[in-house]
Amino acid sequence: MSSLTALVTGGAGLLGQYLNRALAERFHVVSWYHAHPRDAADYDGEPVDFNEESSIEEAFERATPDVVVHTAAISSVGAAETQPRRYVYDVNVRATERLALLCELNGARMIYTSTDLVYAGDRGSFLDESSKISPLSIYAETKYMGEEKIRRTVEDRLVLRLALLYGFGLGETTCHFETMYQALREGERPKLFTDQWRTPLALHDAARMIAELAANSEATGKTINLGGKERLSRYELGERLCDIADLNADLLDPTRMNDVPDLPQVADVSMSIEALRSLGVEPKSVEESIRDILGNNY
Ligand SMILES: NC(=O)c1ccc[n+]([C@@H]2O[C@H](COP(=O)([O-])OP(=O)(O)OC[C@H]3O[C@@H](n4cnc5c(N)ncnc54)[C@H](OP(=O)(O)O)[C@@H]3O)[C@@H](O)[C@H]2O)c1
């Protein structure tokens, strides 16, 4: 292990807990959490509230990171709608800017986990990083504002636009994929969109690639897509799961985005990963990833 320190914010979150593990293969990891320590407790965990600037600064001084992987956020479209706007802005934008400034002042590299949802969903498939930006939700808008703050503040930065993540949650976290898997095993009918296109990426594979990028000093000053290789709807992801896990695909309940009231209509935010590949980083296929997940190989 190197003597460099990687700080993970949101270290008890869905992705954060995978990042703790993946980064620990290359770095000494310090993991910040919010309400619950979960697995972050095993990685020099410390509670840090992103709503309190002094808390961020004091904990940063203690951590003395060489690289910061910033995942802490009000992290979904639904969650951002239910919280006061000011709070979402403070956590997703203001705290991100504060952290960016601390990185710049202290010579730390900053890696930021943005989202595919910053793109307009009506521009076709496999969007590259120069594609039109048009966030349709408060979540996506504040994530994009976080990107902009980082681009303006930190020289040694990597802004990653993450695709829809899937897998099994560690330490009491869970996600749509696990809910779908459990429903199918219990003979229930999960509702899945047929008309929204993403390039889904397994959680463990996202963490593996982010750890590779964190250790690659040439991956700097860039904004790049971090997604899977295949363009799939959630329904098609369900079909792949049924095929591999020998579950009953007749239970999958096809649903249209249009049928869900007040949902931002993001039809196609599938992403090109050519810029990622140019850094020598390659995602696993959906089939290999699902086999890893079902075989506890993560
Ligand atoms: N999951 C996806 O499919 C996906 C796709 C694209 C991009 N992303 C991005 O990837 C990152 C990680 O996503 P995720 O799915 O792992 O989300 P997550 O499980 O919700 O993790 C985010 C973490 O941020 C923490 N947090 C929230 N408010 C905070 C505050 N005031 N102070 C400190 N920490 C706070 C949360 O802690 P508490 O729960 O204890 O409040 C949570 O552990 C996010 O930035 C998200 O925007 C995710």
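The lining of the second largest pocket consists of Y18, R21, A22, E25, R26, H204, A207, R208, A211, N297 and Y298. The model is predicted, so that local features need pLDDT of at least 70 and side-chain atom pairs count only at pLDDT 80 or more, while totals for chains, interfaces and linings use all residues. Residues are numbered from 1 along each chain as its sequence is written, and side-chain values use heavy atoms, with hydrogens and water left out. A pocket is defined on a 1 Å grid over the protein atoms alone as an open set of points where a 1.4 Å probe fits, with protein on both sides within 12 Å along at least five of seven lines; lining residues have an atom within 4 Å of a point. The space in the second largest pocket amounts to about 220 Å³, a volume being the space filled by probe spheres set on grid points that are joined across faces, edges and corners.

Both α1 and α7 (203–214) supply at least two residues each to this lining, and α7 gives the most, with four residues. Helices (H or I, at least four residues) and strands (E, at least two) are DSSP runs numbered from the N terminus. By class, the lining holds five nonpolar, two polar and four charged residues. Here Ala, Val, Leu, Ile, Met, Phe, Trp, Tyr, Cys and Pro count as nonpolar, Asp, Glu, Lys and Arg as charged, and the others, Gly among them, as polar.

The ligand has 27 residues around it, of which H34, F50, S75, Y139 and K143 come nearest; a residue is near if one of its heavy atoms lies within 4 Å. The distance from a ligand oxygen to a backbone N or O atom is 2.8 Å for L14 and 2.9 Å for A35, and a polar backbone atom of G13 is 3.4 Å from an oxygen of the ligand. Of the 880 Å² of accessible area that the ligand has on its own, the protein covers 86% (Shrake-Rupley method, 1.4 Å probe; for residues, only the protein chains shown count as cover). Two or more shell residues come from each of α1 (14–24), α4 (85–106), β5 (109–115) and α5 (138–153). The largest share is that of β5, with three residues. The shell comprises 16 nonpolar, nine polar and two charged residues.

Residue T96 lies in helix α4 and E148 in helix α5. T96 counts as buried because its relative accessibility is 1%, whereas E148, at 26%, is partly exposed; buried means under 20% relative accessible area, exposed over 50%, and partly exposed in between (1.4 Å probe, protein chains only). The T96 side chain reaches the backbone oxygen of N92 at 2.8 Å.

Q196, in the loop between β8 (191–193) and β9 (201–202), is buried because its relative accessible area is 6%. Its side chain makes a polar contact with the side chain of R198 at 3.1 Å, and a polar atom of the Q196 side chain lies 3.2 Å from the backbone oxygen of V266.

Methods
Polar contact = N/O pair within 3.5 Å; in protein donor to acceptor, adjacent residues only side chain to side chain.
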